[in-house]
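This report describes how parts of a protein model are arranged and how its chains meet. Please consult the sequence and structure shown here while reading.

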Amino acid sequence: MNSSFEWIELVGRTIGLLGAFFVFVAALGVFRFPDVYMRTHAATKAGTLGLGLLLLSVAIQYPSVPTFLKAIVILIFLFLTAPVAAHAISRAAFLQKVKLWERTHTNELEGKYSADGKTLDS
Amino acid sequence: MNAIFDFLTFSLLAWALALTALRLILGPSLPDRAVALDLLGTVVLAFIAANSLQSGETLLLDVLLVSAIILFLGTIALAHYLERIR
């Protein structure tokens with residue numbers, strides 16, 4: 001009984017540390033990547049994964065029904081809103097004609113937006 | 001044992017905060033700064049989660065949920081503003 005409890009604590013702490021590591025990787029990507037679109041990609045993917053792992057660690061570490069439900073609700077909210085926010089920012093960046101990295105060789109979206117940015121020509 | 005995990009977690013998060021703040025200062029264009037601000041909010045949410053993990057205060061999850069909602073609304077408002085001023 002006692003030893004299994006310690007195992008659960010160790011696993012929870014390790015998952016929390018992994019989450020902090022992924023948040024750090026997201027920050028490193030935002031700092032090092034060469035243009036806005038790559039930075040958005042790093043921030044939104046690794047950041048969401050890291051925060052999700054930290055929440056999972058809290059839910060494992062302190063198991064009760066309200067804690068677990070709250071962690072699940074926050075996770076669902078994050079997974080729904082993080083892509084929307086990232087898409088809104090990178091769409092604004094594309095409409096502002098922020099330069100791509102000079103070694104990017106394909107831009108499939110170029111010239112597809114109408115002049116007012118409201119409609120997308122496929 | 002737990003002190004080592006806490007030290008590593010909080011130091012990784014502090015480095016993440018420093019790198020993101022550096023990009024927020026340096027960022028060449030305005031959308032760069034918007035991305036950095038969004039990630040800064042995510043790092044602060046991660047700090048709240050790590051604090052809850054360390055202290056066992058699970059009420060902090062409510063704080064985290066409200067902060068996540070405010071962060072999302074702020075990012076959307078900033079993106080809308082960036083589209084308006086182009």
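## Two helices of chain A

In this predicted model, α2(A) and α3(A) pack against each other at an angle of about 175°. Angles over 145 degrees count as roughly antiparallel, and the two helices, α2(A) and α3(A), are therefore roughly antiparallel to each other. Two packed helices are described by the angle between their axes and also by the distance between the axes. For α2(A) and α3(A), the axes are 10 Å apart.

Which classes of residue form the contact of α2(A) with α3(A)? This contact has 17 nonpolar and 6 polar residues, and no charged residues.

## The surroundings of A:Tyr37

A:Tyr37 belongs to helix α2 of chain A. Apart from its neighbours within four places in sequence, A:Tyr37 is in contact with A:Ser90, A:Ala93, A:Phe94, A:Val98, A:Lys99 and A:Leu100.

A:Tyr37 and A:Ile89 are 52 residues apart along the chain, while their C-alpha atoms are separated by 9.3 Å.

## The interface between chain A and chain B

How many residues of each chain take part in the contact between chain A and chain B? On one side there are 47 residues of chain A, and these are in contact with 49 residues of chain B. The area buried between chain A and chain B is about 4,300 Å², and carbon and sulfur atoms give 77% of that area. A:Arg13, A:Phe31 and A:Ile89 supply 16% of the area that chain A buries against chain B, more than any other three residues.

There are 11 residue pairs in polar contact between chain A and chain B, counting pairs with both residues at pLDDT 80 or more. The elements of chain A that give two or more residues to the side touching chain B are α1 (2-32), α2 (36-61) and α3 (65-95). By class, that side of chain A has 31 nonpolar, 10 polar and 6 charged residues.

## Salt bridges

Side chains of opposite charge can pair when their charged atoms come close. Between chain A and chain B, the count is 4 salt bridges, and the count over all chains also comes to 4 salt bridges.

One of the salt bridges between the chains is formed by A:Arg13 and B:Asp6, with the closest N and O atoms 2.7 Å apart. A:Arg13 lies in helix α1 of chain A and B:Asp6 lies in helix α1 (residues 2-26) of chain B, so the pair joins two chains.

Notes:
Residues are numbered from 1 along each chain as its sequence is written. Chains are lettered from A and ligands numbered from 1 in the order in which they are written. This is a predicted model: local features need pLDDT of at least 70, side-chain atom pairs count only at pLDDT 80 or more; totals for chains, interfaces and linings use all residues. Side-chain values use heavy atoms; hydrogens and water are left out. Contact means heavy atoms within 4.5 Å. Buried area is the accessible area (1.4 Å probe) that two parts lose on being put together, summed over both. A salt bridge is a side-chain nitrogen of Lys or Arg within 4 Å of a carboxyl oxygen of Asp or Glu. A polar contact is a pair of N or O atoms within 3.5 Å; within protein, one must be able to donate a hydrogen and the other to accept it, and residues adjacent in sequence count only if both atoms are side-chain atoms. Helices (H or I, at least four residues) and strands (E, at least two) are DSSP runs, numbered from the N terminus. Ala, Val, Leu, Ile, Met, Phe, Trp, Tyr, Cys and Pro count as nonpolar, Asp, Glu, Lys and Arg as charged, and the others, Gly among them, as polar. Axes are lines fitted to C-alpha atoms, for helices over the stretch in contact, and angles run from 0 to 180 degrees between N-to-C directions. Angles under 35 degrees count as roughly parallel, over 145 as roughly antiparallel, 65 to 115 as roughly perpendicular and the rest as oblique.
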